[in-house]
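Biologist: I would like to learn how to read salt bridges in a model. Can you take me through some cases?

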Amino acid sequence: MGDQVRQWLPAVGAFVLGVLVLKLKDWFKRLVDKAGAALYRRLAGSALLRRTALRRYTIKTHERHRSFSVSFQPARNRAMDMASVYVPLRTATGFGAEQREATASLHESRQAVVLGVPGAGKTMLLRHTVLAWARERYRPDLPARRTWYDPRRRHRVDLGTPTDIPVLLSLHSVDLDAGDITAHIVNHFADHDFPNAGTWVERALDEGRLAVYFDGLDEVPTTQRPRVAAAIRRFMKVYDRCRAVVTCRVAVYRGEFAQEAVPVLLVEEFDDRLIQRFLHGWPWPPNLAPDTVEQLLGALRDTPQLKPLARNPLLLTMIAHLYSYEYAGTDQVLPHNRADFYNEVTVSLLRDRDLERVRRFPATLKRAVLQQLALAAQSVPSDAYDRLAMPYEKVRREVGAVLERLGRPVEETDDILSEIVDRSGLLLAIDNGERYQFAHLTLQEYLAAKAVQADVLLDRYRGDPHVWREVVRLWCGAEPRDCTPLVREVLAVDPLLAFQCLADAQLIDDGLADEIIAHFGALLGDDSASLEQEAVVAAFGVVAAQRRARGVAVFELLCAAALDTTNPARASMAVRALAATNVLKAARFLAEGIVVLPGAEEALVAMGDLAVPALMEKWPSAPSPVAWVLWRVRTEKATLALWNALSTRDPENPGAAYLADLLRDRALEEVLRDVRGPTTGRARFFEWVWKPFSRRGDEQMATVASTLAYALSISAFSDAPLPDEVRPDPRLLVPLVLVEPEADSPVRIEGPVNRWLGLLSDPVETVRSGQRAERVVVREMMSADALPNWRGWLIDRLPPQEARRTLDVLLTSGYLTKAMWERSTVELADRKKPEWTDLAWWGLALYAVTGLGAIARSVAALLGWHPWNVSPHWIAPTVGLAVLLGGLAVCAPLLATVEDPQKHVKYGVLTWVTLSVPLSTAFALSTLLNNWTVAAVAVLLLLVTVLCMRPAYRRVTVKFSHELLRLIESLATPYAPGQGPGVSTSASNSTFVSNSLNPRR
């Protein structure tokens, strides 16, 4: 027994020791991790760990913004991927000004104020801008990689030289008593895994490396707002090299940054194109029909009062949710006004659809609780700090009061509160449940309107008009009884609010309505208050869209005002009001007067798809303005209308250039792939244009491209004027510029080519000449008769980068033949195949095994050693011959006239491997084996190898310049939805489909 124990003791001891080692390993690992974390927290801001801390900040920023929770989704997993559900956002510098992509506008201004209505996407713009910065440096969707210092696979952060490092500050949480803005920035970095960043932040601010986004000036308490605005102004003045952006509601902004001349950008509402893209990206339930989006778009066209709501991102999110779970697949009609719509939304969200969960409380009880909480939140004084969030104790008191009034146990307070938060998304718990707030201020205002009485509402409106203004409007829309007394009282204080209440009210005295309409009818065209003018236009539109007698009378009033040629300002405002009606008769009226009515074109653009049928009726008599409107609408329906007009008439019509511009949009390109229409006349001779970009089964797209290319060539020959913002697809323009279809061989450019190339490569030429360098080159070439005027017309319409590359190819290679352009497709395909140089590694390995042996033997022979007892006199000449031939092979391509410097080295090494490896190996083996048959066989193998290498050498001598292939490849590269060649593909030029990520916006 003792012997057995002694035999087992080593095994048991080894087992125990192994367990202890594993435990100690885990303990030691945790100890090291804790020590490392403590050391990182202390030294993160030091010069040693700054870049490491910035990498962690980038990762944390990406994690914070890559997804968002849609509170209107009833599913348990509400997080949605930001990158997959966004649509572009546009801004303008004023009402009626030119619209541009929001991120492009922000990029041009180091400082800006972004204004918008509630739910317009201001916060989404900032969050997506921050996410875009992080995604440029951190891509977890790509395969992870190992590094030399870390064997584990990790997603690397490529910081490069970090500039415009984003800092997103929610102003409702900025307490200047607790620290200045710099202190809040430091806290922001600490909250994003970059602790102890004070010294680094001060240095980054001084160097202008931060981009600080101040979100929600309107959410700051009224009494604190001047102080916060002054702090931001000081920050902008001291750190003027940093990017600074402030967002605010339009109605709240009082020009706090006007003296500093900070540009103001107004967030524009969605047009029909963005609405469609939004709905196509919405995560519809899988049980709905494939044409659900088309059904909803048709329902919106049939409810003109709801269409303006759909132009707001937040409200469109609610519409999509409501349609998903209440209206899709039924014969029900969507609500016709805001109050009814909010009522349907709240009823839908309070209806728990998860059958697996038990519902303890009825929807009516939860609605009563929410109305009481909304009234309490709305009643918080406007000068209170962070007035949108209520502390938990106050929420418990309000909920308990409702339960006690309705005869329910007060002990159920926490249970009903949890059920509302977890299942409806209308109320959110923040700060770990210490405070509560509504998912959006608009919902709070509607529920407060349902809970308040008319006399109380008037008193509170008089006490704080800004806070209770929307509540008054929603009360009028939700109140089924006569609203005349309240509206009359409001008219004496705020006529504009009274007009808005008239538009929303269900029942009101006709005499009062006529009085309000007459008052504002006389003010049509008064531009003294531009911010209020848009509200007046919207109110006119809602009233004129009504089918009752009052709506008909207002519609006729607007038509008469639009035809008043003596007062252009009045006519222009009436035209905009007609567009705001969103009814077909208004579209027909505006289309009929598209040439004479001031602002009719922009008004028809605002009406979107609704105006397309009326526009096509007007096409024969006014093709140019109709084509411009259809181009600006930019929807599938408008694109098809342009194509139909183009294919059924002479392609010289004005719609060709606009349609060529729309081809840059990938979504619209897919629409054009499905169109049908034969190519006639000389357009058939342009089918070669699309060859490098075609794909299998792409015959119809080639037809479309050839038709557009022919039309563009006609426009170029006739020097037809085009708006500056129209940019035809470079895939059509570049071949028209570079190719001479009738030529049998390339045609060189005559003139001072080297000088023109120098101008293109000179980075200061643009500054020196006051215009783009490519424009200077085009003008000089046209003056020297080296470039026909019609080709200059085409180059002028290329984006700067493509124009520069096209001129570079033209000056170095001359005009190409049609056959060369068509053959470029094969050349591009060859470039994408595995390179022959990949086989060089196998050749080098063979050389290492045999050729290096020959070199070693030759060295031994030169030293007088004879380890193999073989005569060494053949080895040294053999190795020398191999090295000589290899050197000549390397030098030959380097001295050749090959455009791409990378090809010099690539094909030089390739040739050296081809010649030196077989020769040195063959002669070495022949010498060592004393058998020259091996050498003869090797020479034959060498010839076979050379023959196999012909495709690689063909690419060296092919008559395609590197610049040409790079240009074609850049044009053929897939691009993002809504983007195209010559269009910025930055992920930051957009806003997301749901604005409910930030409940305060």
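Modeller: We will go through the salt bridges pair by pair. Keep in mind that this is a predicted model.

Biologist: How many salt bridges does the structure hold?

Modeller: There are 31 salt bridges. To count, a side-chain nitrogen of Lys or Arg must lie within 4 Å of a carboxyl oxygen of Asp or Glu. Take Asp164 and Arg110: their side chains meet at 3.3 Å, N to O.

Biologist: Where in the chain do Asp164 and Arg110 sit?

Modeller: In distant parts, 54 residues apart. Asp164 is in the loop between strands S8 and S9. Arg110 is in the loop between helix H3 and strand S6.

Biologist: Which helices does the Glu489 and Arg462 pair link?

Modeller: First the contact: these side chains form a salt bridge at 3.2 Å, N to O. The pair links helix H19, which holds Glu489, to helix H17, which holds Arg462. The two residues are 27 apart in the chain. Glu489 is partly exposed at 40% relative accessibility. Arg462 is partly exposed too, at 45%.

Biologist: What about Arg632 and Glu602?

Modeller: Their side chains meet in a salt bridge at 3.1 Å, N to O. Arg632 belongs to helix H28 and Glu602 to helix H26, 30 residues apart. Glu602 has a relative accessible area of 41%, so it is partly exposed.

Biologist: Which residues do salt bridges with shared partners join into one network?

Modeller: Glu669, Glu670, Arg673, Asp729 and Arg731.

Definitions and conventions
Residues are numbered from 1 along each chain as its sequence is written. This is a predicted model: local features need pLDDT of at least 70, side-chain atom pairs count only at pLDDT 80 or more; totals for chains, interfaces and linings use all residues. Side-chain values use heavy atoms; hydrogens and water are left out. Helices (H or I, at least four residues) and strands (E, at least two) are DSSP runs, numbered from the N terminus. Buried means under 20% relative accessible area, exposed over 50%, partly exposed in between (1.4 Å probe, protein chains only).
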